[in-house]
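Please read the following account with the sequence and the coordinates open beside you.

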Amino acid sequence: MKKHRTVAIVLAAGLGTRMGSTLPKVLHPLGGRPMLLQLFETLSNVQPDTTVLVTGPDMDPVSGMVANHKLKPNVVIQEERLGTGHAVTVARNFFEGNTGTVLVVYGDTPLLTVPTMQSLMSVRQSNENPAVVVLGFRPSEAGEYGRLIMDNHGSLQKIVEAKDASSEELNQLLCNSGIMAIDAILLPFLLDQLKNDNAKGEYYLTDIVELAILEGRSCAVLEGDENEVMGINSKVDLAAAEGILQKRYRQRAMNAGVTLLDPSTVFFSWDTNLGRNVSIGPNVYFGQGVTVDDDVEIHSFSHLEGTKVYSGAVIGPFARLRPGTDIGRDAHIGNFVEIKNSVISSGAKANHLSYIGDAKVGQNANIGAGTITCNYDGQKKSMTEIGAGAFIGSNTSLVAPVKVGVGAVTGAGSVITKDVEDDALAVTRGSQNVVPGWASRRQKPKGND
Ligand code: UD1
Ligand code: MG
């Protein structure tokens, strides 16, 4: 059987003015990556033969964002924003003369899931061969959404935009999500007939339903979930969408065996990678690029980004792990410890109040409370190396570049500016003077006897 050809068109030419931002709407992040990439990832699971991104003039960052994506999208510019029908028309070169399906999705509707997209495509490819399959939904507030007008047999007859709808039509609660799968052969013919004599003066893609019915074709609706098809138009919507996505990430983690003590307070990134038997306390945040192996405990209020944590390690509470950090097997990183671009080898411990930046810490080394690697001299960054089994006394400042040898010890409060050889003790603090009886002599009241 000949493969059903699919051309996916992503509409993203809108300005997104309601976001109140200089960043194009579809580049706002969700789960730590631009919402457009989120949508592209879902789309790539549907494996369209061709993908077309419709953007507006002056939206180079948008096309640049997906330029290297595996879907290899073709970018077309809609010079004037004359409506959703017009936006699909500017991409017509990519489907004119094709059989199969044109799948239209909106760049600002990134929460769609793969099963929903697949179901939409299956309905379109069913024996009834509907000309248009619309993903409908019943929003909590129908507001400005287009209304799906059905006949008595449950077939879609037309879509009416809220601004053009009669009060009876406005009472219809089944709404248009905007996502459609359309017969590619018929689409150019339908687009040619679009008019802009409506409330917005735009060429509505939604009008193709009525035009297809006039051609004697049927149109269908697949009902979806509001949590998947909500469009993002404002920062309030963005926050709501982030909430929906985080819920999905949390479910996915727990289904994979991760323990979340208080799921609603843990934030993941799209690429957070967690092993088995990982336990995560309340209020933990994962930025991009975190991988955690099996049997790791991450205690509350820890913040991780660009970090690999090996099995058996214990992190936090209140740990901050910044990009370029490797935490070795069974290592312990405790409260108020910040680590950046450093390798902490297996079994090493930094349990309290430290900054470790641009460092290599050897196996089983112990970093005392208050240790600071002074990695930046105001001009450049330098490395600190701490040997295996070394003991860094509390409140040591390690002025990089500097090395502390294997098994070496630094005395508490030392400022280490020169390398310390293996097995040596380095102490740089002043020696302690003791004046017996000084305190009570000072406190003795004067002239009172
Ligand atoms: C559209 C639908 C409406 C549906 C709603 C769902 C039409 C006429 N109406 O309305 O039935 O309920 O979405 O959210 O289709 N775009 C372009 N070029 C344009 C205009 C829009 O690329 O000239 C893009 C936008 O960037 C956006 C999408 O198309 O990604 C939808 O446009 P928008 O103006 O938000 O349509 P709605 O009025 O929300
Ligand atoms: Mg919209």
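In this predicted model, ligand 1 is surrounded by 21 residues, and the closest of them are Gly14, Gln78, Thr84, Glu161 and Asn176. Several elements of secondary structure take part, for strand E1 (6-12), helix H3 (84-89) and strand E10 (175-183) each supply at least two residues of the shell around ligand 1.

Individual polar contacts can be picked out within that shell. The side chain of glutamine 78, a residue already listed among the closest, places an N or O atom 2.6 Å from a nitrogen atom of ligand 1. Backbone atoms also take part: a polar backbone atom of glycine 83 is 2.9 Å from an oxygen atom of ligand 1, and a backbone N or O atom of glycine 146 lies 2.8 Å from an oxygen atom of the ligand. How much of the ligand's accessible area does the protein cover? On its own, ligand 1 has 750 Å² of accessible area, and the protein covers 87% of that area.

The space taken by ligand 1 is the largest pocket, which holds about 1,400 Å³. Its lining is made up of 44 residues, and those that lie nearest the centre of the pocket are Arg18, Tyr106, Asp108, Lys200 and Asn233. Of the elements involved, E10 gives the most to the lining of the largest pocket, with 3 residues. The lining residues of this pocket divide into 15 nonpolar, 17 polar and 12 charged.

A further pocket deserves a separate look. The second largest pocket contains about 260 Å³ of space and is lined by 13 residues, with Arg33, Gln38, Thr42, Tyr249 and Arg252 nearest its centre. Which helices each supply at least two residues of this lining? They are helix H1 (35-46) and helix H9 (235-255), and the largest share, 4 residues, comes from H9. Here the lining divides into 6 nonpolar, 3 polar and 4 charged residues.

Finally, the backbone itself has some points to inspect. As background, most residues other than glycine have a negative phi, and most peptide bonds are trans. Against that background, the peptide bond from glycine 316 to proline 317 is cis, with omega near 5°, and proline 317 is found in the loop between strand E20 (314-315) and strand E21 (319-321). Another cis peptide bond joins alanine 400 and proline 401, where omega is about 5°, and proline 401 has its place in the loop between strand E31 (397-399) and strand E32 (402-404). The remaining point concerns phi: aspartate 358, although it is not a glycine, has a positive phi of about 50°, and this aspartate is located in the loop between strand E25 (349-357) and strand E26 (359-361).

Terms used
Residues are numbered from 1 along each chain as its sequence is written. Chains are lettered from A and ligands numbered from 1 in the order in which they are written. This is a predicted model: local features need pLDDT of at least 70, side-chain atom pairs count only at pLDDT 80 or more; totals for chains, interfaces and linings use all residues. Side-chain values use heavy atoms; hydrogens and water are left out. A residue is near a molecule or strand if one of its heavy atoms lies within 4 Å of it. A polar contact is a pair of N or O atoms within 3.5 Å; within protein, one must be able to donate a hydrogen and the other to accept it, and residues adjacent in sequence count only if both atoms are side-chain atoms. Accessible areas come from the Shrake-Rupley method with a 1.4 Å probe; for residues, only the protein chains shown count as cover. On a 1 Å grid over the protein atoms alone, a cavity is a set of points where a 1.4 Å probe fits but cannot get out, and a pocket is an open set with protein on both sides within 12 Å along at least five of seven lines; lining residues have an atom within 4 Å of a point. A molecule sits in a cavity or pocket if more than half of its atoms lie within 2 Å of its grid points. Grid points are joined across faces, edges and corners, and a volume is the space filled by probe spheres set on the points. Ala, Val, Leu, Ile, Met, Phe, Trp, Tyr, Cys and Pro count as nonpolar, Asp, Glu, Lys and Arg as charged, and the others, Gly among them, as polar.
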